[in-house]
Amino acid sequence: NIPLTIPEMTLPYVRVTTPSLRDFSLWERTGLKDFLKTTKQSFDLNVNAQYKKNTDRHFIPFPLGAVFDVLSPDINALHQHFEKGRDKMLDFLTKSYNEAKVKFEKYKVETSLDKLPRTLIIPGYYIPVLNIIVSPFTAELPTIGYMAPKEMSTPGFTIPGIGFSLPSYTFVLPSLEFPVLHVPTSLRNLTLPDFEILRPSDHIPIPAIGNLTYDFSFKSSVITLNTNMGLYNHSDIVAHFRSSSFSVIDAL
């Protein structure tokens with residue numbers, strides 16, 4: 001409750017002068033003191049939302065069986081394409097291994113002991129909705145290095161006039177390559193994991209909507225407001241809405 005003081009002012013363009021205002025109290029002059037208890041107002045606000053799950057389900061027709069009929073023949077074709085790709089990859093790895101073996105044996109280079117075979121293991125899993133069960137998958141991976149020996153020779157030359165000559169030298173230096181150091185024999189018999197497709201039902205279950213309630217309350221010295229809303233799933237969807245208010249001001 002601080003009184004306001006506004007000095008006399010002349011408005012531009014219109015040349016209108018407003019009178020000065022001294023010690024003007026909004027609390028007393030506007031009537032706020034008649035329905036407010038204090039100048040420092042407080043209020044209580046409560047909001048509560050609750051959802052109760054419904055155990056019922058609705059079934060929507062959907063031709064999942066047709067999806068099963070389409071996917072089943074494709075599984076066999078997928079295995080055939082995988083075997084063709086596996087044979088081509090095996091030929092490439094074997095060729096790279098043989099080339100690297102010749103280089104290592106020629107220059108008597110031993111491979112690192114940490115380049116041990118590694119095994120890829122994928123546990124079995126289930127694909128929901130499509131009802132597909134995939135068996136575990138295990139494959140021994142080829143070992144690939146980073147360096148391979150490479151022979152380099154310097155040219156020999158003779159400086160005329162002084163009779164100085166430098167012979168040609170040959171060096172074996174490591175070269176950045178990716179040689180195959182080990183090709184697992186199990187790759188020749190590697191196959192895709194087994195896919196078991198369970199024929200599903202021609203209906204998709206959808207959980208039924210539950211009961212949703214919402215409560216809102218606001219209380220102050222001027223107005224009290226209560227609101228309640230609810231959405232209930234019985235034989236039909238039923239919605240409820242209730243609201244009440246009380247105020248010291250008749251207009252509210």
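Predicted model: local features only at pLDDT ≥ 70, side-chain atom pairs only at ≥ 80, totals over all residues.
A residue counts as buried under 20% relative accessible area, as exposed over 50%, and as partly exposed in between. Take Ser 135: its relative accessible area is 23%, so Ser 135 falls in the partly exposed class.

The protein chain is built with two helices and 21 strands. Of its 252 residues, 18% count as buried. Among contacts in the chain with a separation of 6 or more, 61% come from residues 24 or more positions apart. As for confidence, the mean pLDDT of the chain is 79, and 84% of the residues reach 70 or more. Helix α1, covering residues 26-29, has the lowest confidence, with a mean of 71, while β19 has the highest, at 88.

Three strands make up an open sheet in the order β8-β9-β17, and their pairing is antiparallel. The edges are β8 (125-127) and β17 (195-197), each of which pairs on one side only. On average, neighbouring strands in this sheet are turned by 20 degrees against each other, if direction is ignored. Between β8 and β9 (residues 132-134), which run antiparallel, there are three bridges. One of the bridge pairs puts Tyr 125 together with Val 134 of β9.

Ser 135 itself belongs to the loop between β9 and β10 (137-141). Setting aside neighbours within four places in sequence, the contacts of Ser 135 are Gly 124, Pro 193 and Asp 194. With Asp 194 there is also something polar going on: a polar atom of the Ser 135 side chain sits 2.8 Å from the backbone nitrogen of Asp 194. Ile 122 is 13 residues away from Ser 135 along the chain, and the C-alpha atoms of the two are separated by 8.9 Å.

Next come the nonpolar cores. The largest one holds eight residues, namely Leu 90, Leu 93, Phe 137, Ala 139, Val 180, Val 183, Leu 187 and Leu 190. Two elements, α2 (64-106) and β10, each give two or more residues to this core. Apart from neighbours within four places in sequence, Val 180 is in contact with Leu 93, Ser 96, Tyr 97, Ala 100, Thr 143 and Ile 144.

Thr 213 lies in β19, which spans residues 211-220. Its relative accessible area is 19%, so Thr 213 counts as buried, since the cut-off for buried is under 20%. Not counting residues up to four places away in sequence, Thr 213 touches Asn 48, Ala 49, Gln 50, Met 229, Gly 230 and Tyr 232.

The other threonine, Thr 227, is found in β20. Thr 227 is buried because its relative accessibility is 15%. Beyond residues up to four places away in sequence, Thr 227 touches Tyr 214, Asp 215, Phe 216, Phe 241, Arg 242 and Ser 243. With Ser 243, the side chain of Thr 227 also makes a polar contact of 3.4 Å.

Methods. Residues numbered from 1 in each chain as written. Heavy atoms only, no water. Pairing = 2+ DSSP bridges. Helix = DSSP H or I, 4+ residues; strand = E, 2+ residues; numbered from the N terminus. Axes fitted to C-alpha atoms, helices over the stretch in contact; angles between N-to-C directions. Buried < 20%, exposed > 50% of the residue type's maximum accessible area, 1.4 Å probe, protein only. Contact = heavy atoms within 4.5 Å. Polar contact = N/O pair within 3.5 Å; in protein donor to acceptor, adjacent residues only side chain to side chain. pLDDT = per-residue confidence, 0-100. Core = buried A, V, L, I, M, F, W, Y, C linked by side-chain atoms within 4.5 Å.
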